[in-house]
Amino acid sequence: MENKQTDFADRFHEALGSGRIRAWFQPVFRSLTQQIMGAEALARWLNPDGNLISPADFIPDLERSGLIFELDMEMIRQACALYDELRRRGTPLNGLSVNLSRLDFAREDLLEQICAALDSFSVPHEAIKLEITESVMLEDTDVFEAMFRRFCDEGFHVWLDDFGSGYSSLNVLQNYPFDVIKFDMLFLRKMSAKGRNMLASLISMAKTLGVHTLTEGVETNEQREFLLDVGCEAQQGFYYARPLSKEALMEQIDRKPGILEKKEDAVYWNEIGRVNFVNPNPMKEFAERRMNASVDRASSYDGSIALIECGRESFSYIYATEGYKERLRELGFTSVDGLENALSNQRSHYYLVIQKLVMDVLRHGTIQTIEYAYHDVYYRLSALFIARREGRAMILMRLNTFDAEQEVKTAKEMLDAGSALFTTYELVTMIYPESRKAKRIYTASSLPSYDREETLEKSVLRFCEQQMNPADQEKFRQFMDFSTMTERIRNSPGQFIQGIFRMRMGKDRISWHSARLTQIPKLSEPVFMLTIQDVQGDLNKGFDLLAETHPEMI
Ligand code: C2E
Ligand code: MG
Ligand code: MG
């Protein structure tokens, strides 16, 4: 047994010494941009015969024989060498990740060794991401916790690898400040509705905790789209690229130089990546997290969200949910491109609307909302500033058609306003002369009801006798004459007729009141609204005087 191990160690050291232990690099892609954000270093053992041995076949042996640390350090050095080389040739790569074994954490000098390796290539600590699996945390949590803290203090980003593959625990995410959580490819292998929902919830949860998200093992376009829709920020898998030798990776980069994400852009996109598409209200959640407070304008669930990047004179859609696209169709745009075209026409209605909104958003930083009508449909567009880079800003948009909730609210407000209005009258009654009936809408005082007589005329007569000053009774009867009412109103300039009468409303003494008959428009039969309002204070005395001196004017 011992011999076998020594043999293995010799072979490993021989391979290491002759450069046959090599790091291959598998690129990581940004879901929203399809650009390369970084790459993961994966160990490959090249046999002299040219065969590649995969890590699954030698890592267990390296762990058993205590050599894994040597491998991991070698991978770190090769990652640093690649970082340095790319930087020198002007095609820098922001993040390279390496895998650490749980056994590495048994070494007290782990941090120092890693720092020394990075220093020898002048590589900044945040450039080399450290991937660890949960198995590390099962050992000695106290020791690990202290080590984790030291790595963070030194500026390293620690990633949680293979989440969901084994005994995953959500506590781990809460207890340690991981920068990225890498979801195991198992989630994608079982693309059942259940598996999808679970991954979507986990991504949402990671965002709540402020952890960035990456999913491994993406092999199909369907998986790519799914991850984009649930807001997974980064993807890695054979669909995009297999692990590549350093030379093959460089060749790929040279073929498409624009494929590399710039460092300044990484900051920008990382901030945008915090938007949680599957949250019931992504805009509210983002604003709250940033302000660390709650935003008062709560709204119901809606998945109608889009990311719009604004340049100095243009807008482009980076992402739109199905709900958002659906509403664009209601607006008459068959596609997001259609709206983009309308938006780049600087004289279009949309350009002006959006431009104003964007200016407000950039100025205030809080959620801005506008409501507007188009083709008889009301829309509400809300926007929130997310991040900025040279000459461009990312805005999160929400597009709503007016929902039932809003309509009910408006109707209720109208009703409240109507009721308040009625209280300025003593009496409001609807009169239907053709069907000979009346309907009391509102009475302020405790007036007896006058709608119980055999006919409407008799009811009016009775009201007249009971409430009206005898001197004004004849005039009131004429005022209320149904046979001439329509005619009189039509001929009056304001489409209503008005009279001043002395009346006793409720228990009060007799005083001047103004009565008005207004025709209610557009109903199948003529309807009149009778309103009676008292005349206030000094005006009463004025009318008294007028009645005495010029009774014909009253
Ligand atoms: P890992 O860190 O989770 O790496 C991802 C593995 O999935 C890699 O396998 C990669 O080639 C493979 N993979 C990537 N995309 C796809 C895909 O779309 N479909 C499928 N079916 N597979 C995909 P690899 O290179 O064989 O590595 C296996 C594991 O070995 C790694 O899992 C990692 O845990 C470990 N490992 C690799 N290199 C090192 C190293 O330098 N040090 C340590 N400690 N462990 C390493
Ligand atoms: Mg890994
Ligand atoms: Mg993994």
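Quick definition before we start. Ala, Val, Leu, Ile, Met, Phe, Trp, Tyr, Cys and Pro count as nonpolar here; Asp, Glu, Lys and Arg count as charged; the others, Gly among them, count as polar.

Keep that in mind for the site. One caution: this is a predicted model.

Overall form first. The chain has 21 helices and 19 strands. Its radius of gyration is 39 Å, whereas a compact globule of 554 residues would come out near 24 Å. The C-alpha atoms fill a box of roughly 130 × 50 × 40 Å along the principal axes.

Now the ligand. Where does ligand 1 sit? The space it takes is the largest pocket.

Who surrounds it? The shell around ligand 1 has 25 residues, and the closest are Arg-44, Asp-72, Asp-162, Glu-219 and Phe-238. By class, that shell splits into 12 nonpolar, five polar and eight charged. Four elements each supply at least two shell residues: strand 2 (36-46), helix 2 (55-64), helix 3 (68-88) and strand 6 (158-163).

Next, polar contacts. Take the nitrogen side. A ligand 1 nitrogen lies 2.5 Å from an N or O atom in the Glu-219 side chain. A nitrogen of ligand 1 is also 3.1 Å from a polar backbone atom of Ala-43. For oxygen, look at Asn-99. An N or O atom of the Asn-99 side chain is 3.0 Å from an oxygen of ligand 1.

How much of ligand 1 does the protein bury? Taken alone, ligand 1 exposes 790 Å², and the protein buries 80% of that.

That's the site. Over to you.

Key
Residues numbered from 1 in each chain as written. Chains lettered and ligands numbered in written order. Predicted model: local features only at pLDDT ≥ 70, side-chain atom pairs only at ≥ 80, totals over all residues. Heavy atoms only, no water. Near = heavy atom within 4 Å. Polar contact = N/O pair within 3.5 Å; in protein donor to acceptor, adjacent residues only side chain to side chain. Areas by Shrake-Rupley, 256 points an atom, 1.4 Å probe, with all protein chains shown as cover. 1 Å grid on protein atoms, 1.4 Å probe; cavity = no way out; pocket = protein on both sides within 12 Å on 5 of 7 lines; lining within 4 Å. Sits in = over half its atoms within 2 Å of the grid points. Rg over C-alpha atoms; globule rule 2.2 N^0.38 Å.
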